[in-house]
Amino acid sequence: MTQMIKVLAVFVVLILYDLQRFIRKKEKGVVFVLYFLFMGVSLAVSMLLAAGVKLPSPARWIESTLRMIGVIK
Amino acid sequence: MGKVRISSIQLFMLLSGFLFGSTVILTPTSGAKNDAWMAILLGGAGGALLMWLYAKIAMLNPSKTLVDILRERMGKIVGSIVSVLYIWYFIHLASLVLRNFGEFICTTTLPETPMAVVIGLFAAVLVFVINSGIEVLGRLGELLVPVVPLVILIICLSIITAADFEALLPVMENGITPVLKAAFGLMTFPFGETVAFLMLFQYLNNQAKLKKVVIASAGALTLSGLVIFLRDVFVLGSELMSRATFVPHLTTLLIPGVNVEPLVDINLLISGGIKISVCIYAAAKALCQLAGIDDYTRLTGAIATFCVVLSVWIYENVIDMFNWAEKVWPFYSIPFQIIIPVLLLLLSLRKKPGTSQN
């Protein structure tokens with residue numbers, strides 16, 4: 001639980017820092033969409049990892065795909 | 001904002017720093033054991049050819065980034081899809097180098113510090129560098145990259161008394177296959193990874209020197225890779241080398257009377273930092289071009305944060321990291337480093353530069 005709170009705190013600081021910059025410079029909507037896409041995925045994965053949930057990593061997905069098409073044995 | 005330009009020496013330093021990258025702590029040719037010197041020479045030649053290919057693509061498409069070239073040569077839809085794949089590739093590469101850095105520092109220098117903290121702080125510094133622009137990165141490379149061969153030289157001279165020059169024998173004990181496999185591994189890591197520079201080549205102030213610069217940097221890495229390998233094999237022997245996790249670090253521990261371990265950390269900080277910066281810059285720039293955003297610095301923070309999370313998530317441990325880098329990475333890289341660039345070169349040669357298909 002402490003880990004999750006620490007992760008959340010770090011993300012809140014990062015997002016607030018960037019958000020005030022974006023609002024001040026009146027950024028386009030697409031900047032907000034892409035920013036929150038990356039930060040949202042990062043936050044979700046970090047929270048799950050902090051909670052001890054074992055997520056299959058992209059390295060495993062890539063490995064299974066290459067195995068499936070017979071590139072690696 | 002004025003037009004961004006970097007000199008040929010700055011590009012040479014950036015390329016050399018990028019190529020040194022994690023190779024200052026990892027040995028991509030370790031599979032060939034004491035025949036790795038042949039793998040380095042073969043891989044170096046193949047790598048130089050790959051880098052020449054990237055330079056040729058850039059010269060056939062002047063003032064264009066990888067995204068522009070892909071969209072122009074492959075069409076808007078296919079080009080945009082392939083660009084997204086490249087963005088993923090650059091992010092993935094940055095995460096791998098961050099993880100290498102984190103594993104090395106947490107294994108050798110800061111064993112009590114959580115890896116996420118080490119990687120996160122390093123990434124935070126790099127975001128400032130990337131946001132300062134490619135000219136600042138170029139000047140930083142010009143200033144810091146010469147330290148890398150200097151450190152290699154210092155370690156080589158410090159350990160020369162412990163060298164056993166018969167460690168290279170017997171030659172080709174296991175045949176040519178391990179040598180060819182290791183040479184291919186070296187071609188994909190680190191030479192082929194310079195495909196990220198297709199986002200940067202356009203900034204070179206004298207495009208006529210591009211080919212010379214890429215070939216010189218490939219030569220510099222081949223030479224220093226050879227020196228590092230000979231130093232390690234003469235001191236440790238091929239058996240111990242194939243079992244060690246971080247070979248150059250182990251070599252420095254054998255220097256009598258003085259602790260030069262931090263020098264390896266410095267090398268990794270410089271070259272790894274340049275490699276990660278170039279990858280994040282390439283990803284941010286490509287994404288902003290695709291999305292029609294003028295300033296790439298808007299997304300560097302978010303992309304760097306994602307890279308940090310991905311680097312912690314991607315491998316379970318250091319053994320998993322080495323296995324994946326040796327068995328999966330070379331094959332996973334083939335489309336990004338060889339197939340698509342060769343296709344781009346053919347398309348660039350077929351159509352006259354500047355001729356849009358739409």
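Start by selecting A:V31, A:L34, A:Y35, A:F38, A:M39, A:S42, A:L43 and A:S46: these residues of helix α2 of chain A are buried. Buried here means 20 or more other C-beta atoms within 10 Å of the residue's own; exposed means 12 or fewer, and partly exposed is in between, with C-beta atoms placed from the backbone. Look down the axis of α2(A): the buried residues fall within an arc of 155°, so they line one face of the helix. That arc is taken over the directions from the helix axis to the C-beta atoms.

Before moving on, note that this is a predicted model, in which local features need pLDDT of at least 70, side-chain atom pairs count only at pLDDT 80 or more, and totals for chains, interfaces and linings use all residues. Residues are numbered from 1 along each chain as its sequence is written, while chains are lettered from A and ligands numbered from 1 in the order in which they are written.

**Around α2 of chain A**

Select residues 29-50 of chain A. This is α2(A), whose 22 residues should span 32 Å at 1.5 Å a residue; the end C-alpha atoms are 31 Å apart, which agrees. The expected span is 1.5 Å times one less than the number of residues. Helices are DSSP runs (H or I, at least four residues), numbered from the N terminus.

Now turn to the face away from the buried side. There you find the exposed residues A:G29, A:V33 and A:A44. After α2(A) comes A:G52, with a positive phi near 85°.

**Where the chains meet**

Show both chains. The contact takes 24 residues from chain A and 21 from chain B; two residues are in contact if their C-beta atoms, placed from the backbone, lie within 7 Å. On the chain A side, α1, α2 and α3 (58-68) each supply at least two residues. The largest share, 11 residues, comes from α2(A). The model scores ipTM 0.96 and pTM 0.94.

**The core**

Select B:F90, B:A94, B:C279, B:I280, B:A283, B:I303 and B:C307. They have the most contacts inside the largest nonpolar core, which has 130 residues. Such a core is a set of buried Ala, Val, Leu, Ile, Met, Phe, Trp, Tyr and Cys residues joined through C-beta atoms within 7 Å. α12(B) gives the most to this core, with 16 residues. Zoom in on B:A94. Leaving aside neighbours within four places in sequence, B:A94 is in contact with B:I276, B:C279, B:I280 and B:C307.

**Backbone stops**

Most residues other than glycine have a negative phi, and most peptide bonds are trans. Here are some exceptions.

- Go to B:P170, in the loop between α7 (147-159) and α8 (177-188) of chain B. The peptide bond from B:L169 to B:P170 is cis, with omega near -5°.
- Next is B:P190, in the loop between α8 and α9 (210-236) of chain B. A cis peptide bond joins B:F189 to B:P190, with omega about 20°.
- Select A:K26, in the loop between α1 and α2 of chain A. A:K26 is not a glycine, yet its phi is positive, about 50°. A:K26 counts as exposed, with 6 C-beta neighbours inside 10 Å.
- End at B:K33, in the loop between α1 (8-20) and α2 (36-60) of chain B. Phi of B:K33 is positive too, near 50°. B:K33 is partly exposed, with 19 other C-beta atoms within 10 Å.
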